[in-house]
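Here is a short report for a first look at this structure. Please keep the sequence and the 3D view open while reading.

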Amino acid sequence: MKARAASLAAILAFAAANAASAADKLYTAYNIWFEQPTKVYSTNYQRGNILPAGSEVKDVSRSSKNLEFTDPNLGMKFAVEFVAKHHPGMTRDQWIDRFLTTRDFAALSSGQAGMSKKAVLLAAGYPPEVATASTKLDAWKYWRHRFGSYLVHFDNGKVSKSEQ
């Protein structure tokens, strides 16, 4: 009987947590670059238009390959394809958890001075893990497009040089 009561309590707690999280608004965790909103890559190639960090998203759905959502302010539907080979060791769900946040732009950008690593993440997103194994490193590689990349170098956690 105790085990059944404990199981019921766990199920109710899980349901309450899911109901609370479903009520939370979701936002983009960093600037998202796109040329066509219907085909955005998780690599975040820096071409085209920007969906700014902290943009509210609605109607979020996940499929085996894509994350889809609507930006209510722009009235646009986005489909982001997870490119697994550019994020080795990371699952699609881990990437999505990093891509979306419950924090709006004011919460995302508070307390940042200069171009710290946190500010770079906010502005450019996470560098693809295939070229930058960890954000603890002092050089991050980003792609402008499929055939062009650049490095951002850090010294004491601040940008020291950007090879653009």
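## Ground rules

Contact, or touching, means heavy atoms within 4.5 Å. This is a predicted model, in which local features need pLDDT of at least 70, side-chain atom pairs count only at pLDDT 80 or more, and totals for chains, interfaces and linings use all residues. Residues are numbered from 1 along each chain as its sequence is written, and side-chain values use heavy atoms, with hydrogens and water left out.

Helices (H or I, at least four residues) and strands (E, at least two) are DSSP runs, numbered from the N terminus. Two strands pair if DSSP finds at least two bridges between them.

## Phe99 and Leu100

Phe99 belongs to helix H2, residues 92–99. Leu100 sits in strand S8, residues 100–101. Buried means under 20% relative accessible area, exposed over 50%, and partly exposed in between, with a 1.4 Å probe and protein chains only. Phe99 counts as buried because its relative accessibility is 1%. Leu100 is buried too, because its relative accessible area is 8%.

Which residues does Phe99 touch, not counting residues up to four places away in sequence? They are Tyr27, Thr28, Ala29, Tyr30, Ile32, Leu67, Phe69 and Val80. Under that sequence limit, Leu100 touches Leu26, Tyr27, Thr28, Ala29, Val57, Val60 and Leu67. Phe99 and Tyr30 are 69 residues apart along the chain, and their C-alpha atoms are separated by 7.2 Å. Leu100 and Ser55 are 45 residues apart in sequence, with 9.7 Å from C-alpha to C-alpha.

## The cavity

A cavity is a set of points, on a 1 Å grid over the protein atoms alone, where a 1.4 Å probe fits but cannot get out; lining residues have an atom within 4 Å of a point. Grid points are joined across faces, edges and corners, and a volume is the space filled by probe spheres set on the points. The structure holds one cavity of 30 Å³ or more. The largest cavity has about 30 Å³ of space.

Seven lining residues are nonpolar, two are polar and none is charged. Here Ala, Val, Leu, Ile, Met, Phe, Trp, Tyr, Cys and Pro count as nonpolar, Asp, Glu, Lys and Arg as charged, and the others, Gly among them, as polar.

S3 and strand S7 (residues 76–81) run parallel, joined by two bridges. Val40 stands opposite Val80 in S7.

Glu68 has Ala79 in S7 as its bridge partner. S6 and S7 form a hairpin with four residues between them. In the turn, Gly75 has a positive phi of about 65°.

Six bridges join S9 to the antiparallel strand S10, residues 148–155. His145 stands opposite Gly148 in S10.

Notes:
On a 1 Å grid over the protein atoms alone, a cavity is a set of points where a 1.4 Å probe fits but cannot get out, and a pocket is an open set with protein on both sides within 12 Å along at least five of seven lines; lining residues have an atom within 4 Å of a point.
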